[in-house]
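Hi there,

Here is the structure I promised to send you. Have a look at it first, and then read my notes on its aromatic rings below.

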Amino acid sequence: QSGAAPKAIAVCHLVLFRSLLLFFLITGFLVLVFTPEEVKNMPVVLSLTIGLLLTFLAYRLAERSKLPALKLPDWLKQLSTAKLLCAIIFAGVALRVIWILFIPPVQTSDFLAYWQLALGFAENNTYSEVFKGAVLNAYRPPGYPLLLYPFILLFGDSPWTIIFSNLLMFTLCAFLLYDVVARWFYEAVALITTFLIAIWPSWIFYSGLAATELPFMLMLIGGVWAFDRVRDGKIAWSLFAGLFLGFGALIKATLLVAPIIVAGFFLAQKSQNQLKKAGSIALLCLGMALVILPWSYRNYTIFGERVLISTTGGSNFYRANNANASGTYKELGEQDIDQFVSNELLWNKTGYEWGMQWIKNNPLDFIQLSFKKLYITLSRDNTGIKWSLKKGYDSVGVGYTILNSLSNVWWIFIWFCALMGTWRYRDFLSNSHMGIQ
């Protein structure tokens, strides 16, 4: 019986990894099938054919005994890793500045709303917005406006306040991501990864917008960076990971599931130090609580009820799950949820209730709608160019068409490489030092 527990953990580890691998491969396949249709409108059969061919090509390349070697110029080989990393990041910053100079940012929709919230917080120490005549005190998560607060104090109400903060966040993301990947794999892999995010089209097109995607990515990468040090035997880093992820949850509440993911991560480990695992999870939760609970207390003083982060969930949940839902944002649902907007908490609760009721009464429609949402999520990576050019300038000319296609072709390329690499090095990933040990 003494060997039963380790054997069970090993089996659990194998099953979990294989499940994650299968999920990732299926996701990549769907991207390769869906995205060609977005690059250029084409029949579904043709898009499916292209997706199957790309998947087969990725598999064949992954199975080759030796891939073509990448030959670097001699002058490039002589540069140190630090110089190469700094050059890559500098090039990424330069590309973003060039884009901004050619296409000055215009804040619209949520970008404008977050910027106005940040200005109100910095100038008047208030956090509220008016929606359909009602004053909402906790509608949007506060993380991004709080992050912009020191930048506004330094640079004031200027478009360059957002731009400078975005450039700084990109730089920090690049350094942290390089360090994580270098620890998991090799310096060369880390440099390539950093180069890819430096020239990522959507990231470049987002550079001047008050978008939550950039700070959310920084907090997510920061959380992984800090938590990666736990496997060096320093569980105190779990606290710092919790601080990163807690602030990330204040930007997008989806990161509230982080402790569950970490628990599953530990479950997959072969290590038997259960006390260390429990301590890491406890410190992670403590770090998140230290960031989130002060805002929750602020909400309680306003509403007299518990509101962990924001009240945005209910109305959005109903708009996404009703008979009129299309898979993207729609202002009006089958019923008028905004009739309750004057009572922010009732508005939020009713949205969840109506959405859940529709799902229970229409399970097949819900499944069909879920597949439509999946298609929309996986089939494109053009949100950066869409909001900076199409929405900002109402421009859908040749330039927009080319850049939109470039974004989606890049999306195909990234997933093609990810599929090929994941399949080729699946055994290495399963037994590597990425913490799953």
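Two rings of Phe, Tyr or Trp (for Trp, its six-membered ring) count as a pair if their centres lie within 6.5 Å; the pair is stacked if the planes are under 30 degrees apart, edge-to-face if over 60, and tilted for the rest. That rule gives 19 aromatic pairs here.

Before the details, please note that this is a predicted model, where local features need pLDDT of at least 70 and side-chain atom pairs count only at pLDDT 80 or more, while totals for chains, interfaces and linings use all residues. Residues are numbered from 1 along each chain as its sequence is written, and side-chain values use heavy atoms, leaving out hydrogens and water.

One of the pairs is Trp-99 with Phe-205: the ring centres are 4.6 Å apart and the planes meet at 50°, so this pair is tilted. Trp-99 belongs to helix α4 (residues 81–102) and Phe-205 to helix α9 (residues 201–205), so the pair ties together parts 106 residues apart in sequence. Helices here are DSSP runs (H or I, at least four residues), numbered from the N terminus.

Trp-99 is buried at 12%, and Phe-205 is buried at 6%.

Tyr-318 and Trp-354 make an edge-to-face pair, with 5.4 Å between centres and 70° between planes. Tyr-318, in helix α14 (residues 312–320), is 36 residues from Trp-354, in helix α15 (residues 344–361).

Finally, ring pairs join Phe-111, Tyr-206 and Trp-387 into a cluster.

Happy exploring!

Methods:
Helix = DSSP H or I, 4+ residues; strand = E, 2+ residues; numbered from the N terminus. Buried < 20%, exposed > 50% of the residue type's maximum accessible area, 1.4 Å probe, protein only.
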